[in-house]
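Open the model in your viewer and keep the sequence panel beside it. The tour below goes from one selection to the next and says what is found at each stop.

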Amino acid sequence: MKGKKKLVVLTGNAGDGKTAFIQLIEEAAKKAGGSFKKRTDNGCEFSFNGFEFETLYDGSQDFEGTSNDLLLKVFFKPFDGEKEPTVNIVKIIAINEGKLRDFVLNKREYKWLGKHIHHYLEFDNYKLPDSLAFINLNNRAIVELNNATSIFDELLSIILDEDNTKKNWEPCQAQNCSYSSKCYIKYNVDSLRAQKKGIVVKQRLKELVLSIYLKKQKHITMRDIRSLISFIIFNKYTCSQLQADIDASENLLVRFYYNNAFNKVEMDRMVSILSEVDVADMPLPKLENHLYFLNPKTELKEHLITKADSANNPDLDYLEDYYINKPEGTSDNDETRKLNADLFLSAMKRKLYFEGNDEYLNEQFAINHYSFLPYRYFETYIEFLSTGKDPQNDLRNDLILAISKSEKIYNDEVGRENVCISSNSSKKSTTKAFYGFTAADFEVVLPDIGNQTNYIEYFPDHIIFRHIDKTASLEINIDLFEILMRIKEGYVPTSIEIRTFFLNLEMFKRRILAKRSTTVFLTEDDTNLYEFKKSASGKLVLSKM
């Protein structure tokens, strides 16, 4: 707004909030007395603080009969030539990176601008002139675990009307709605807004959303998060439909927020991904055995769940209905009752994930809410993402041991001190050989997005394991991290897991093999291990480990 930038370029996917970002700037200028000259559905022109502003919401499409190339030619006209423009302008554009590259770099007139765009797109953390800003909203983090003002928190707060300024939920109060005591929407909203219980439920919902962000399966946009929050709270039913279902005495348990979050038939892409980390699918035998025989209406609230601010729990009636109508014994093969048992146990586990009393769960079952997640090493992963610190190299050494074990070397000391990669020798040979690359030549770091953190909300979505010369690096998302940590403990991955997660790992190993190894480890029986290396005098020495 002070005119320090002559060009601001926003890139990202549809739904990332590029247009909303630009409109916030326009709104701020309008409130501060900016003079608007022209406004269309694709941007506007205005004067503010002695500068001429122009915005373009979509620089990748034609608009109202004007070709995209002509739109861009007019927009970028001040940037013709070999020097930075001296006029008092601020241009703000949302555009696809590919389109920006094709338009600017293929035209000779944009020598100054083209050079900086090329260097920015091709070189990591290229320092742009102060008058240029490139903001990639693909790097925007929609959730940050320890940040109460993350995008997720802000959107949730708006939808919940937490400060009650809009009084969105006044019609749902008991004095205004006779269905309030049985309404799952009111229960969902109250569960998230409650002073005590709400803090727990929101934090655990954030952890779930963070887990799908860290999966990196799909890019998550602002639009996606709004849709996800909406479905978790409301499902897809109107008040009149809900009331008709209550009058018809339907069991509405599947529509409570903790079941909505893992709806396995919903086509919304975020709900679909969230269903892949369904907390009901995690085997917890001791707890499940206890829950199966526990009457939810009379016993659940005693110790297992966090004390609620309200005594209204309509879900317990629906849970009790399934509890009463479970199989009556091991010989009861009634399919409806068997389905009731599955629905009951799944719902109970999901409710406990969100509302469970961690202290009691730990005392009685040696678990906490993290135990419901499919990520045993979730806390370890998050800790490094949050701090970027590995002072004793414990994480680095664990990853090295995991990679070595994935190559089928079973000596923990050797596997931890060296990245060991199989020589892929003939299968007929009885001797296995491994190239060794010393652990000190590797490091674990976080991705660096340069000055992008000055403009956007950011939380890293992966860690990087790399050689210190940076010629070979492995991007590790939460799924690959989980498998590697389990391999370290002796887990043997399935063929599906290998096909899904190990492609990047195999490419990383190949790049490491391109380097010179000074040590080879040999074994015939995985027990007796020999080291073959060059001594200080240049001789090759074979010694038993």
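This is a predicted model: local features need pLDDT of at least 70, side-chain atom pairs count only at pLDDT 80 or more; totals for chains, interfaces and linings use all residues.

Residues are numbered from 1 along each chain as its sequence is written, and side-chain values use heavy atoms, with hydrogens and water left out.

**Stop 1: salt bridges**

Side chains of opposite charge can pair when their charged atoms come close. A salt bridge here is a side-chain nitrogen of Lys or Arg within 4 Å of a carboxyl oxygen of Asp or Glu. By this rule there are 39 salt bridges. Helices (H or I, at least four residues) and strands (E, at least two) are DSSP runs, numbered from the N terminus.

Select Lys37 and Glu52. Their closest N and O atoms are 2.5 Å apart, and they form a salt bridge. Lys37 sits in strand β2 (residues 35–40) and Glu52 in strand β4 (residues 51–56), 15 residues apart. Lys37 counts as exposed because its relative accessibility is 52%; Glu52, at 37%, counts as partly exposed.

Next select Arg350 and Asp278, whose side chains meet in a salt bridge of 2.6 Å, N to O. Arg350 belongs to helix α15 (residues 335–355), and Asp278 to the loop between α11 (269–274) and α12 (285–292), 72 residues apart. Are these two residues buried or exposed? Both Arg350 and Asp278 are buried.

Then go to Arg466 and Glu443, joined by a salt bridge of 2.8 Å, N to O. Arg466 is in strand β10 (residues 463–467) and Glu443 in strand β9 (residues 442–445), so the pair ties together parts 23 residues apart in sequence. Arg466 has 19% relative accessibility and counts as buried, while Glu443 has 24% and counts as partly exposed.

To finish this stop, select Lys197, Asp315, Lys351 and Glu355, which are linked in a network of salt bridges.

**Stop 2: helix α22**

Select residues 503–513, which make up helix α22. Which of its residues are buried? They are Leu505, Phe508, Lys509 and Ile512. Look down the axis of α22: these buried residues fall within an arc of 100°, so they line one face of the helix. The arc is that of the directions from the helix axis to the C-beta atoms. On the face turned away from the buried side are the exposed residues Leu503 and Arg510.

**Stop 3: an open sheet**

Show the strands β7-β8-β12-β13-β14, which form an open sheet of 5 strands in that order, with antiparallel pairing. Two strands pair if DSSP finds at least two bridges between them. β7 (418–422) and β14 stand at the edges with a single partner strand each, so one side of each is left without a neighbour in the sheet. From one strand to the next, the twist averages 25° (axes are lines fitted to C-alpha atoms, for helices over the stretch in contact, and angles run from 0 to 180 degrees between N-to-C directions). Zoom in on β7 and strand β8 (residues 432–438), which run antiparallel and are joined by 5 bridges. Val419 stands opposite Phe437 in β8.

Definitions and conventions:
Buried means under 20% relative accessible area, exposed over 50%, partly exposed in between (1.4 Å probe, protein chains only).
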